[in-house]
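Thanks for coming. Please bring up the model on your screens and keep the sequence beside it.

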Amino acid sequence: MPYTATKHAITGLTKCFSLDGRKYDIACGQIDIGNAATEMTDRMTEGVMQANGTKMVEPRMDVRHVAETVVYIANLPLDVVNVQFVTIMATKMPLVGAV
């Protein structure tokens with residue numbers, strides 16, 4: 001419950017900051033990342049507990065794809081475009097809501 005609450009809080013802050021920052025030409029966006037292959041997700045290669053109580057190896061993606069997404073967004077012209085929300089995740093993640 002605390003994890004989900006904080007995720008929703010960040011989404012709310014992103015929306016508010018985007019609206020409040022417009023008059024100052026400040027853009028704000030949120031990037032949700034699911035199962036990038038980092039030390040934090042190494043345990044997933046051994047299997048992790050799922051919502052249904054089973055243990056399953058979860059797919060991961062190369063962290064390079066996350067970096068490329070961030071660079072792409074950063075290079076957009078902020079005076080005309082803002083990427084409000086992006087979800088980048090391993091294609092076969094078992095639960096999209098986990099991002």
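A word on exposure before we start: a residue counts as buried under 20% relative accessible area, as exposed over 50%, and as partly exposed in between, with a 1.4 Å probe and protein chains only. By that rule arginine 60, at 30% relative accessibility, is partly exposed.

You are looking at a predicted model, where local features need pLDDT of at least 70, side-chain atom pairs count only at pLDDT 80 or more, and totals for chains, interfaces and linings use all residues. Residues are numbered from 1 along each chain as its sequence is written, and side-chain values use heavy atoms, with hydrogens and water left out.

Let me begin with the salt bridges. The term means a side-chain nitrogen of Lys or Arg within 4 Å of a carboxyl oxygen of Asp or Glu. How many salt bridges does this rule give? The count comes to three.

One of them joins the side chains of aspartate 42 and arginine 60, at 3.0 Å from N to O. Aspartate 42 sits in the loop between E1 and E2, and arginine 60 in the loop between strand E3 (55-56) and helix H2 (63-74), so this pair ties together parts that are 18 residues apart in sequence. Those labels come from DSSP runs, numbered from the N terminus: helices are H or I with at least four residues, and strands are E with at least two. Aspartate 42 is partly exposed, because its relative accessibility is 39%.

Arginine 64 is next. Its side chain meets that of aspartate 62 in a salt bridge of 3.9 Å, N to O. Arginine 64 also forms a salt bridge with glutamate 68, where the closest N and O atoms are 3.2 Å apart. Glutamate 68 and arginine 64 are both in helix H2, four residues apart, which is about one turn of the helix. Aspartate 62 is partly exposed at 37%, and glutamate 68 is partly exposed at 42%.

Now to asparagine 35. Where does asparagine 35 lie? It is in the loop between strand E1 (30-34) and strand E2 (48-49). Asparagine 35 counts as buried because its relative accessibility is 8%. Its phi is positive, about 60°, although asparagine 35 is not a glycine.

A polar atom of the side chain of asparagine 35 lies 3.0 Å from the backbone oxygen of proline 59. For a polar contact, the cut-off is a pair of N or O atoms within 3.5 Å; within protein, one must be able to donate a hydrogen and the other to accept it, and residues adjacent in sequence count only if both atoms are side-chain atoms. Contact in general means heavy atoms within 4.5 Å. Leaving aside neighbours within four places in sequence, asparagine 35 is in contact with residues including Thr41, Met44, Pro59, Arg60 and Met93.

Proline 59 turns up again in the contacts of proline 94. Proline 94 lies in the segment after strand E4 (85-89) and is partly exposed, at 39% relative accessibility. Not counting residues up to four places away in sequence, proline 94 touches Gln50, Met56, Glu58 and Pro59. Proline 94 and glycine 29 are 65 residues apart in sequence, and their C-alpha atoms are 25 Å apart in space.

The other loop to look at is the one between helix H1 (2-21) and E1, where aspartate 25 lies. Aspartate 25 has a positive phi of about 60° although it is not a glycine. Aspartate 25 is exposed, because its relative accessible area is 72%.

Isoleucine 26 also has its place in the loop between H1 and E1. At 37% relative accessibility, isoleucine 26 is partly exposed. Which residues does isoleucine 26 contact, leaving aside its neighbours within four places in sequence? They are Phe17, Ser18 and Gly21.
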